[in-house]
Amino acid sequence: MTHLSMAVVVRNGKVLVQERYRASKGMVVEFPGGEVNENETGTDAAIRELSEETQLEGLKHLATFAGINEFGGRIYYAVFEAGPSDQPMPVGEERRQTFKWLEYAELPLEEFYAADVNFIKTQLTKFCKQESAVA
């Protein structure tokens, strides 16, 4: 059974997403992440994957949430806070990575897996600034 962990990075009310190439799907939009190794926590896997995929390290861990992924395994969402100078860097030309800091309302929900959409709708709002109407 495959367990996955996603690194969800927020900064100034926006969330980091990557667009990258996957041989099986073409270009995809996703949070940095991947498989949880044996004897690794979901949070530790997210920290490792974040470093491997974006070169971001030393970010403040805010929370970790767990759910069930489409493959029947666990999926972890570790939320981190980035500072103003923290910038993701592409790793390897074959990935064709680009990174975007998006506001909650800009997230392309139709491009995420169902478990990701559930996390985005039920948990991510706590970490993203929502525009409020001025009375």
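Helices (H or I, at least four residues) and strands (E, at least two) are DSSP runs, numbered from the N terminus. Gly-73 sits in the loop between strand 5 and strand 6. The model is a predicted one: local features need pLDDT of at least 70, side-chain atom pairs count only at pLDDT 80 or more, and totals for chains, interfaces and linings use all residues. Residues are numbered from 1 along each chain as its sequence is written, and side-chain values use heavy atoms, with hydrogens and water left out.

Strand 5 (residues 60–68) and strand 6 (residues 74–81) run antiparallel and are joined by eight bridges. Two strands pair if DSSP finds at least two bridges between them. The two strands form a hairpin with five residues between them. In its turn, Gly-72 has a positive phi of about 90 degrees. Phe-65 has Tyr-77 of strand 6 as its bridge partner.

Gly-73 is buried, with a relative accessible area of 0%. Buried means under 20% relative accessible area, exposed over 50%, and partly exposed in between (1.4 Å probe, protein chains only). Contact means heavy atoms within 4.5 Å. Not counting residues up to four places away in sequence, Gly-73 touches Met-1, Thr-2, His-3, Gly-67 and Ile-68.

Asp-116 lies in helix 2 (residues 114–122). Asp-116 is buried, at 5% relative accessible area. Its side chain makes a polar contact with the side chain of Tyr-77 (2.5 Å). A polar contact is a pair of N or O atoms within 3.5 Å; within protein, one must be able to donate a hydrogen and the other to accept it, and residues adjacent in sequence count only if both atoms are side-chain atoms. Beyond four places in sequence, Asp-116 touches Met-6, Ile-75 and Tyr-77.

The largest pocket has a volume of about 460 Å³. On a 1 Å grid over the protein atoms alone, a pocket is an open set of points where a 1.4 Å probe fits, with protein on both sides within 12 Å along at least five of seven lines; lining residues have an atom within 4 Å of a point. The lining has 22 residues, and Leu-4, Arg-22, Glu-30, Phe-71 and Tyr-113 lie nearest the pocket centre. Strand 3 gives the largest share of this lining, four residues.

Terms used
Grid points are joined across faces, edges and corners, and a volume is the space filled by probe spheres set on the points.
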